[in-house]
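Open the structure in your viewer and keep the selection panel at hand. The stops below go from strands to helices.

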Amino acid sequence: MVQLLLLIAGSFVVAWVWALAANHWAMRAWRKTADEHWTQRARALFPARAGAGLQLVLIPTILALAESRFILHGYGWPTAAMAATACAGVLLANRRMGQQIYGRARPFSRAPLFSFVRILALSPWILLIAGIFAMPSDLGPDTFLAAAGILLWFLLLTLGTWWQILYRLGLLRDADQQLRARINTLAAQMNVRVRRVWIFESWMANGYASPITREVLLTSALCEKLPPTELMAVCAHELAHLGESRWVKFRRHTAFLAFYPLVFANPIAASFPIGELLAIVWAALALLALVLSQRMARRMEVRADSCAAENAADQATYARALERIYQINLIPAVMSGRRRIHPHLYDRMLAAGVTPDYPRPLPPRHFTAATWIQLALLFLLAMHVHSSVTISVSSKPQWITPSGGHQGAQQQQPERHGTKQGPKEFHI
Ligand SMILES: [Zn+2]
């Protein structure tokens with residue numbers, strides 16, 4: 001048990017130091033651009049920041065798999081505990097990276113809550129993916145209960161519980177009366193109804209809209225750093241999302257609903273002769289629904305941009321507001337890839353009638369060498385674990401008991417539910 005606790009605590013320290021070193025290495029190109037135009041700084045920073053986000057998954061997975069495979073020789077709850085503490089270590093290192101970029105620290109006591117916000121936003125998808133892979137092969141009451149729980153959580157968040165959770169945690173506050181009155185006037189001018197305006201404490205300048213619940217969220221940095229006319233232009237963009245048709249609002253969530261039936265993929269694949277084929281065909285259709293909903297979301301961004309430019313004091317005001325936001329957040333003016341929901345800043349400014357006073361920057365790289373090395377490490381480890389699991393399933397797999405000891409497969413073997421590959425619990 002002591003060994004387990006040491007490993008769990010050690011995972012935090014190793015992940016923290018590892019992520020600090022990886023971030024430091026990945027940010028070296030950014031550090032060299034201190035005197036360059038902000039678009040070049042943003043371009044140099046992008047792959048380091050993308051890598052830091054990916055490390056939240058990569059480092060905990062690598063550490064938990066390696067420790068379970070090479071030290072504990074088994075997988076169980078300690079694997080999850082080691083991954084969780086490693087994740088906390090990476091979060092702490094990434095927080096340091098944020099301080100280096102933006103030059104100021106958020107109140108420490110609130111730091112875990114900001115990470116919680118990100119996890120909360122992704123939680124329906126995390127639950128769905130976990131449900132798809134962890135669902136047992138037989139259709140019992142537990143299967144339906146778990147599936148219903150995932151759908152209920154998605155509906156609750158979609159219908160506004162998400163904002164209430166943030167409000168109860170003290171991360172949201174109502175906009176002051178003056179700002180609220182100006183937004184109400186703008187909403188009336190745009191013929192849109194807005195139910196509530198929230199302020200979210202953040203050093204990133206941004207605005208969000210919840211079309212279904214008719215709520216708008218502005219970050220504190222946006223309200224503090226943008227001149228009033230530019231702030232109203234950004235609000236016009238968010239209000240334009242509230243004015244979308246009901247059909248569009250529904251289609252924004254079709255991707256999740258299309259993937260949702262796959263939560264029954266395991267039992268269907270095990271129960272019907274063509275079950276596996278059915279699940280693959282459904283996954284392909286869901287992927288198509290995801291692509292279509294992304295395209296629609298992009299069209300809605302272009303529409304909201306055009307509404308914002310129309311309702312701003314003058315067209316250039318909206319373009320300047322966008323540029324200021326990207327500059328504050330150090331987001332590249334031209335991103336890599338063409339399938340992003342928001343058009344590139346450079347194109348958004350051109351569409352608003354303003355030609356930026358700098359040449360069109362090249363898109364940034366996707367990842368730094370640090371991220372590629374970690375991806376390769378995870379791939380090699382996964383291959384090794386997969387091959388050793390296949391061998392151990394056919395001989396005598398090891399399970400970690402709650403007391404930390406090991407038992408042979410004959411003593412504590414879970415039901416196999418008739419699957420061909422052995423118990424699910426061997427696949428992390
Ligand atoms: Zn938008």
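Select Ala209 and Val216. Val216, in E4, is the bridge partner of Ala209. This is a predicted model. E3 and E4 pair in the antiparallel sense, over 4 bridges. Together E3 and E4 form a hairpin, with 4 residues between them. Pick Arg214 in the turn: its phi is positive, about 55 degrees.

Next, cross to the neighbour of E4. Select E2, residues 196-200, and E4, residues 215-219. These two strands run parallel and are joined by 5 bridges. Zoom in on Arg196, which stands opposite Glu215 in E4.

Move on to E1, residues 172-174. E1 runs antiparallel to E2, and 3 bridges join them.

Now display the whole sheet. What is the order of its strands? Reading across, the order is E1-E2-E4-E3, in an open sheet of 4 strands with mixed pairing. Look at the two edges, E1 and E3 (207-210). Each has a single partner strand, so one side of each is left without a neighbour in the sheet. Turn the view to look along the sheet: the twist averages 30 degrees from one strand to the next. While the side chains are shown, recall that in a regular strand they alternate between the two faces of the sheet.

H9 lies across E3 and E4, and runs at about 20 degrees to E3.

Which residues of H9 meet H14? Select Thr229, Glu230, Ala233 and Val234. On the H14 side, select Thr317, Tyr318, Arg320, Ala321 and Arg324. Colour this contact by residue type: 4 are nonpolar, 2 polar and 3 charged.

Then go to H7, residues 177-189. Its 13 residues should span 18 Å at 1.5 Å a residue, and its end C-alpha atoms are 18 Å apart, which agrees. Just after H7, select Asn191, where phi is positive, about 60 degrees.

The last stop is H3, residues 38-72. At 1.5 Å a residue, its 35 residues should span 51 Å. The end C-alpha atoms are 48 Å apart, which agrees. Where is the kink in H3 centred? Select Gln55: the kink is centred there, at about 45 degrees. Finish on His73, which follows H3 and has a positive phi, near 55 degrees.

Key. Residues numbered from 1 in each chain as written. Predicted model: local features only at pLDDT ≥ 70, side-chain atom pairs only at ≥ 80, totals over all residues. Expected span 1.5 Å × (residues − 1). Bend = angle between axes of the 7 residues up to and from the residue. Contact = placed C-beta atoms within 7 Å. Nonpolar A, V, L, I, M, F, W, Y, C, P; charged D, E, K, R; others polar. Pairing = 2+ DSSP bridges. Axes fitted to C-alpha atoms, helices over the stretch in contact; angles between N-to-C directions.
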